[in-house]
Amino acid sequence: MTLSGQVALVTGSSRGIGRAVAAALAARGARVVVNSRTDPAEGEAVVQEIIRAGGDAAYVRADVAVEDQVETLFDRAETLFGPVGILVNNAGVTESMPFAETTADYWQRSMNVNFLSTVLCSRRAAAAMAGRGGTIINTSSIRGFDANGREGIMGYSAAKAALNNFTRTLAKELAPQVRVNAVAPGFVATSYMDRVSEEQKRQWLDVIPLRRFITAEEIAGVFVFLAETPFLTGTIINADAGFTLGRG
Ligand SMILES: NC(=O)c1ccc[n+]([C@@H]2O[C@H](COP(=O)([O-])OP(=O)(O)OC[C@H]3O[C@@H](n4cnc5c(N)ncnc54)[C@H](OP(=O)(O)O)[C@@H]3O)[C@@H](O)[C@H]2O)c1
């Protein structure tokens, strides 16, 4: 229970990777604030799952791309459990659109939910962590690296690239009190995979050296590792079954 007494806020944790991270942090003893934008019942189900497993959690609904809702989210978290010591910026959305059809609104939506949300939550958390310390972990993506951006989701890819740069710069800015790291997952089997054809899955597996997808529970272990490793800051872990190695 190395995270006992810590308060963790995991944005976008009503399902998928965020849900698994919330459960994993709670299993290590952290009191966890579960968050999402649209469906409180989904978030409350995660809270109940954590409580049944012997942990402590509460749900707060907020759109983390909206500044005043971020303020309210942190205020509620502090009232419920105390100052946030572990922030996991995980909320993210992929929106597909051919480049020629993209609009300024599309680019703003992509940047707001996948990048600005992390900036807003990190700034609010950093203020609370000043003097007492803390750790911030961002959920990036393989799409944010070099030539791995994906056609059709350019807004998402660009936002994750910005997130990588932000992670390393913020790590410098906030050291030594606050550590800032990121996980850049490859193909994690969350709900979007249910909408993908078997043929598409086969094509993906062909370009993944380890020939496998990653489970949300597996990737959550990488977040826990970053939360618990006191000498890591400015690190972006490619957790991708080898995808970014390329296959020549
Ligand atoms: N799955 C993968 O293969 C993969 C790979 C690389 C990176 N990632 C990253 O991992 C993160 C989670 O992905 P996932 O596959 O687990 O997605 P998911 O299953 O769709 O879950 C996304 C979560 O974020 C919440 N959310 C979305 N917009 C929000 C907002 N503005 N404010 C608050 N909550 C919001 C969603 O709840 P509501 O819909 O109710 O708001 C949901 O809880 C994302 O940042 C994604 O880019 C995923």
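Which residues in α4 meet which residues in α5? The structure is a predicted model, in which local features need pLDDT of at least 70 and side-chain atom pairs count only at pLDDT 80 or more, while totals for chains, interfaces and linings use all residues. Residues are numbered from 1 along each chain as its sequence is written.

On the α4 side the contact is formed by Tyr106, Trp107, Ser110, Met111, Asn114, Phe115, Thr118, Val119, Ser122 and Ala126, and on the α5 side by Gly155, Tyr156, Ala159, Lys160, Ala162, Leu163, Phe166, Leu170 and Leu174; two residues are in contact if their C-beta atoms, placed from the backbone, lie within 7 Å. The residues of this contact of α4 with α5 divide into 13 nonpolar, five polar and one charged, where Ala, Val, Leu, Ile, Met, Phe, Trp, Tyr, Cys and Pro count as nonpolar, Asp, Glu, Lys and Arg as charged, and the others, Gly among them, as polar. Helices (H or I, at least four residues) and strands (E, at least two) are DSSP runs, numbered from the N terminus.

Two packed helices are described by the angle between their axes and the distance between the axes. The axes of α4 and α5 (residues 154-174) come within 9 Å and cross at roughly 20°, the axes being lines fitted to C-alpha atoms, for helices over the stretch in contact, with angles from 0 to 180 degrees between N-to-C directions. That angle makes α4 roughly parallel to α5, a description used for angles under 35 degrees.

The strands come next. An open sheet is formed by seven strands in the order β3-β2-β1-β4-β5-β6-β7, with parallel pairing; two strands pair if DSSP finds at least two bridges between them. The edge strands, β3 (56-61) and β7 (236-239), each pair on one side only. Within the sheet, β1 (residues 7-10) is joined to β2 by four bridges, and Val7 stands opposite Arg31 in β2. Helix α1 packs on the sheet, touching β1, β2, β3, β4 (86-89), β5 (134-139) and β6 (178-185), and its direction makes about 175° with that of β1.

Around the ligand there are 30 residues, of which the closest are Gly12, Gly16, Arg37, Thr38 and Gly92; a residue is near a molecule if its C-beta atom, placed from the backbone, lies within 6 Å of it. The elements giving two or more residues to this shell are α1 (16-27), β2 (31-36) and α4 (104-129), and α1 gives the most, with three residues. By class, the shell has 10 nonpolar, 16 polar and four charged residues.

Technical notes: Parallel < 35°, antiparallel > 145°, perpendicular 65-115°, else oblique.
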